[in-house]
Amino acid sequence: MGQISEQSRLKHASDRILWRAAGSETIVVDPDSGASFVLNAVGAGVWELVDGEKTIADITSAICDAYDVAPERARQDIVEWAEWMADRGLVTIESAAANMV
């Protein structure tokens with residue numbers, strides 16, 4: 001996977017991915033593989049911000065506003081989250097270079 005930068009954008013990998021909030025968690029289901037994932041409150045917050053338009057920087061800022069977390073720590077956690085979700089086919093990561101059209 002390429003380098004993720006502050007200007008990389010995240011989007012849900014498919015319109016077929018199903019998800020539902022359940023209390024402070026979110027359940028994400030890939031109907032193609034049958035795999036399901038439970039996201040904690042912060043992961044759920046990131047998931048809801050993933051729209052193909054917001055950058056890592058945008059998502060980091062929103063998470064820092066919502067939770068008491070240092071920006072660098074939030075960015076690191078979001079990048080790791082994005083890589084983990086991308087490895088499972090749930091999100092795609094668009095590089096900053098692809099955004100410069």
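This is a predicted model: local features need pLDDT of at least 70, side-chain atom pairs count only at pLDDT 80 or more; totals for chains, interfaces and linings use all residues.
User: Where is threonine 26, and what does threonine 26 touch?

Analyst: Threonine 26 sits in strand β3. Helices (H or I, at least four residues) and strands (E, at least two) are DSSP runs, numbered from the N terminus. Not counting residues up to four places away in sequence, threonine 26 touches Trp19, Arg20, Ala21, Phe37, Val38, Leu39, Ala44, Trp47 and Glu48. Contact means heavy atoms within 4.5 Å.

User: What makes valine 38 buried or exposed?

Analyst: The relative accessible area of valine 38 is 55%, so valine 38 is exposed. Its place is in strand β4. Valine 38 touches Glu25, Thr26 and Ile27, not counting residues up to four places away in sequence. Valine 38 and tryptophan 19 are 19 residues apart in sequence and 9.6 Å apart in space, C-alpha to C-alpha.

User: Which class does proline 31 fall in, and why?

Analyst: Proline 31 has 35% relative accessibility, so it counts as partly exposed. It lies in the loop between β3 (25-30) and β4 (35-39). Leaving aside neighbours within four places in sequence, proline 31 is in contact with Arg16, Ile17 and Leu18.

User: How do you know how α1 is oriented to α3?

Analyst: Helix α1 (residues 41-49) and helix α3 (residues 71-87) pack at an angle of about 75 degrees, with axes 11 Å apart. Angles under 35 degrees count as roughly parallel, over 145 as roughly antiparallel, 65 to 115 as roughly perpendicular and the rest as oblique. So α1 is roughly perpendicular to α3.

User: Which residues meet there?

Analyst: Gly43, Val46 and Trp47 in α1 meet Ile78, Trp81 and Met85 in α3. The residues of this contact divide into five nonpolar, one polar and no charged. Ala, Val, Leu, Ile, Met, Phe, Trp, Tyr, Cys and Pro count as nonpolar, Asp, Glu, Lys and Arg as charged, and the others, Gly among them, as polar.

Technical notes. Residues are numbered from 1 along each chain as its sequence is written. Side-chain values use heavy atoms; hydrogens and water are left out. Buried means under 20% relative accessible area, exposed over 50%, partly exposed in between (1.4 Å probe, protein chains only). Axes are lines fitted to C-alpha atoms, for helices over the stretch in contact, and angles run from 0 to 180 degrees between N-to-C directions.
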